[in-house]
Amino acid sequence: MTEAPATLIHLNPEQRAAAEHFEGPLLVLAGAGSGKTRVLTSRVCHLIREHGVAPDRILAVTFTNKAAGEMRERITGMLGGEPRGIWVGTFHAIGARIMRRHAELLGWNRQFTIFDQEQTLRLVKKVEEGVGLDPKRWSPKAMRAEMSAAKNQLVTAEDFARDHEEGFDLFLKNVAKVFPAYQASLKEQNAFDFDDLLTRPVELFETFPHLLDQYRDRFSFLLVDEYQDTNHAQFRFLELLGSEHGNMMVVGDDDQSIYGWRGADIRNILDFEKTFPGARVVRLEENYRSTQRILDAANAVISENLNRKGKTLRTSRSGGELVTRAETFDETDEARFIVDEIKARLGEHPDLVRSSFAVLYRTNAQARALEDAFRRDGMPYQVVGGVRFYERREIQDLLAYLRIISNPLDGVAFDRVVNYPRRGVGGASLERLASWAAEQGVSLLDAALRAEEVPEVSSSARRGLGQFADLIQRFSARAALASVGVVLQELVEELDLVRHLQDEGPDGEDRVRNVNELVAGAMDFDAELVQSMEGEDLDRFTELDLFLQQVALVADVDRLDPDADTVTLMTLHNAKGLEFPVVFIAGLEDGLFPLGRAYDDPAVLEEERRLFYVGITRAEEKLVLTWARQRRRAGEFTYGRLSHFVESIPDELIEGRRSARLVGSAGSTPHRSFAERRRDTVAETAVFDPDPVVETGMNQDQPRLVKGERVVHPTFGSGSVAGISGFGKDLKVTVDFDTVGTKKLLVRYANLEKDWM
């Protein structure tokens with residue numbers, strides 16, 4: 001066997017096979033924790049060192065800025081220096097980079113603005129009002145989601161309007177009115193939304209074949225991470241660039257495809273060999289993260305999916321703790337159980353700290369009960385999924401100033417800050433200004449410069465508009481010469497923003513700290529992005545332009561703080577790509593996980609199962625699965641049964657537990673030793689019923705309920721039926737229980753029986 005090159009020394013045989021691959025298409029099926037980033041970076045270095053491929057012939061595409069940064073850092077470390085000319089970035093960053101060079105071909109200029117979610121929502125609302133729709137009736141979020149889905153499928157606004165303007169679906173008919181106007185408004189403001197950064201490069205390549213040829217010649221090797229998450233627009237972009245030379249390596253895991261709800265198409269990875277005939281397939285099945293028992297549980301769960309390429313995770317870490325399956329009374333009891341388990345483990349395992357633990361759940365609403373329990377106990381925690389830094393009001397305000405300084409056509413930015421801080425410009429004056437600007441065919445900022453010409457605008461508003469326009473002009477000139485950090489610091493001082501925020505009361509100090517953090521970030525912006533662009537066309541852009549692009553493209557700003565010694569709470573979607581020694585997955589009841597609507601569509605149910613698989617494979621040492629007999633949802637109690645996903649795990653991998661409340665040991669200490677908890681586990685497993693609640697309404701033996709008759713509930717005891725409402729699966733019964741009072745129950749989950757006593 002030949003000696004492995006230095007870049008491949010630390011790879012296992014499968015990893016090495018993928019990294020050594022030279023020309024032709026390659027599909028790497030990389031199981032969870034199998035070292036896919038190491039393979040990607042090793043192959044880049046192998047191409048450069050062993051095959052003499054120039055770095056500027058390589059394009060590597062990822063899904064997050066964090067992954068792109070890590071990849072670039074590893075490549076630089078392995079090569080001993082920055083590979084000049086290589087492109088490494090997210091799909092959106094690569095798209096923005098291409099559009100910075102060629103925007104004029106599609107009618108934009110290169111100083112375009114990138115609108116984030118908050119800005120696009122404002123624009124959708126404004127466009128709705130412009131076409132005569134009430135945003136309170138027709139949700140701007142729903143409108144934006146429908147347009148985004150269309151763009152991800154490469155459906156243009158014109159095509160969408162043609163397909164739906166005469167249809168019977170009233171919502172789609174209204175989207176057909178908004179979509180073309182929304183796109184026109186973006187163009188008027190020299191702006192793109194995030195979806196445009198995926199679709200416009202495709203439009204460029206399809207419209208200008210000579211340009212496509214240039215990029216095909218430039219990038220003779222493509223590498224794509226997380227390929228299972230690509231949507232149709234991303235697939236088409238890659239197909240255009242890579243189909244001719246075929247040197248495309250994609251790395252992904254069909255078993256971790258969990259973003260179908262936002263346009264990802266699992267068929268892209270399942271059909272890769274059809275799209276790229278002759279493709280080589282390498283499976284990475286050795287897991288370096290979890291114990292074998294955790295992997296056996298994961299393999300058992302995912303094997304029930306039909307639409308998958310097939311692989312079985314393995315590890316050299318044989319054995320490990322059993323998977324704990326814990327039954328609790330309700331969401332409060334479930335949260336208490338989790339907190340107590342964490343405290344017990346911290347006491348028994350000196351190597352564990354609070355950041356060793358993660359609690360994962362299907363929906364954000366589940367965080368409330370968990371947060372309450374952690375707060376009551378005084379245990380520090382962090383929730384991944386709160387308000388992102390760049391979405392905070394004070395940050396959005398400052399970024400709006402920077403955007404209009406960079407791009408004077410940005411009307412959304414103008415609307416946001418023209419009267420912040422207050423300059424005496426009221427709503428009526430702004431409406432007259434906007435009407436006059438439209439009549440004259442000028443931007444809002446140009447209209448503000450000529451405010452003296454606008455009829456029926458108060459003198460105070462004219463003065464405020466003039467002051468605002470003058471400020472933007474001065475800072476635009478300043479931005480052409482000064483660093484973005486200096487520009488931002490001077491802007492904060494000129495606006496006297498710190499004083500205005502402090503005047504807001506207790507929250508003001510937090511807002512000031514956020515502003516200071518943004519200024520510090522701008523000061524630290526020392527051309528990392530500039531260096532990555534290798535000096536191409538940089539004379540066309542100010543540092544402010546590049547800073548705004550970087551900010552707009554930060555998709556993972558809500559990431560975990562790895563330095564915080566806190567328990568992490570997050571949804572399963574947010575947990576993808578992370579790992580923790582101890583993982584809890586909460587809320588494992590049918591109807592919550594998987595979600596009830598998943599039963600209507602086999603493809604959705606398989607995606608829910610993949611999400612469970614993702615959760616399981618986050619755990620390194622210990623996995624705890626919890627569920628509750630009842631849970632308050634939408635203001636009413638629902639009665640649950642254990643998720644059938646959990647029932648897929650073989651019994652020999654499971655230890656059954658019940659919460660102290662269910663066991664009834666009221667006098668027991670909440671912090672039992674591990675040996676005591678194991679004794680409880682053995683006793684409880686003997687009586688554990690994995691299916692304690694019959695799916696009422698689907699059971700033909702379920703007795704019909706009659707008002708006035710006596711019934712028995714497994715938890716609340718005996719009572720009398722006081723009323724019945726609803727139909728079918730939504731049938732509800734009101735019962736006056738003898739001991740706990742009146743309860744309104746969903747019949748199909750209540751497991752009521754007739755009281756024959």
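Which helix is Glu607 found in? Look for helix α28, residues 602-616, and you'll find Glu607 there. Keep in mind as you look around that this is a predicted model. With a relative accessible area of 15%, Glu607 is buried, since anything under 20% counts that way. And what does Glu607 touch, leaving aside residues up to four places away in sequence? Its contacts are Ser257, Ile258, Tyr259, Gly260 and Trp261.

To get from β6 to β7, the chain passes through helix α11 (residues 232-242), making a right-handed β-α-β crossover.

Now move on to an open sheet of seven strands. Reading across, the order is β11-β12-β10-β13-β14-β9-β17, and the pairing is parallel. The edges belong to β11 (381-384) and β17 (654-658); each has a single partner strand, so one side of each is left without a neighbour in the sheet. Neighbouring strands here are turned by 20° against each other on average, if you ignore direction. As for the partner of β11, that is strand β12, residues 567-571, which runs parallel to it and is joined to it by four bridges. In this pair, Gln382 stands opposite Thr568. Helix α15, residues 331-348, lies across several strands, including β9 (323-328), β10 (357-361) and β14 (619-628), and it runs at about 155° to β14.

Next, the charged side chains. How many salt bridges does the structure hold? The count is 65, and a few are worth a visit. Start with Glu70 and Arg74, whose closest N and O atoms are 2.8 Å apart. The two residues sit four apart in helix α3 (residues 65-79), which means they are separated by about one helical turn. Glu70 is partly exposed at 32% relative accessible area, and Arg74 is partly exposed at 33%.

Arg72 forms a salt bridge with Glu82, with 2.2 Å between the closest N and O atoms. Arg72 lies in helix α3 and Glu82 in the loop between α3 and β3 (87-90), so this pair ties together parts that are ten residues apart in sequence. Arg72 counts as buried at 16% relative accessibility, whereas Glu82 is partly exposed at 39%.

Over in helix α16, residues 367-377, Arg368 and Asp372 lie four residues apart, about one turn of the helix. Their side chains meet in a salt bridge of 3.1 Å, N to O. Arg368 is partly exposed, with a relative accessible area of 48%, and Asp372 is partly exposed too, at 22%.

Last stop: a network of salt bridges that links Glu118, Arg122, Arg393, Glu394, Asp397, Arg416, Glu504 and Arg511.

Definitions and conventions. Residues are numbered from 1 along each chain as its sequence is written. This is a predicted model: local features need pLDDT of at least 70, side-chain atom pairs count only at pLDDT 80 or more; totals for chains, interfaces and linings use all residues. Side-chain values use heavy atoms; hydrogens and water are left out. A crossover is right-handed if, with the strands pointing away from the viewer, the path from the first strand over the helix to the second runs clockwise. Two strands pair if DSSP finds at least two bridges between them. Axes are lines fitted to C-alpha atoms, for helices over the stretch in contact, and angles run from 0 to 180 degrees between N-to-C directions. Contact means heavy atoms within 4.5 Å. Buried means under 20% relative accessible area, exposed over 50%, partly exposed in between (1.4 Å probe, protein chains only). A salt bridge is a side-chain nitrogen of Lys or Arg within 4 Å of a carboxyl oxygen of Asp or Glu.
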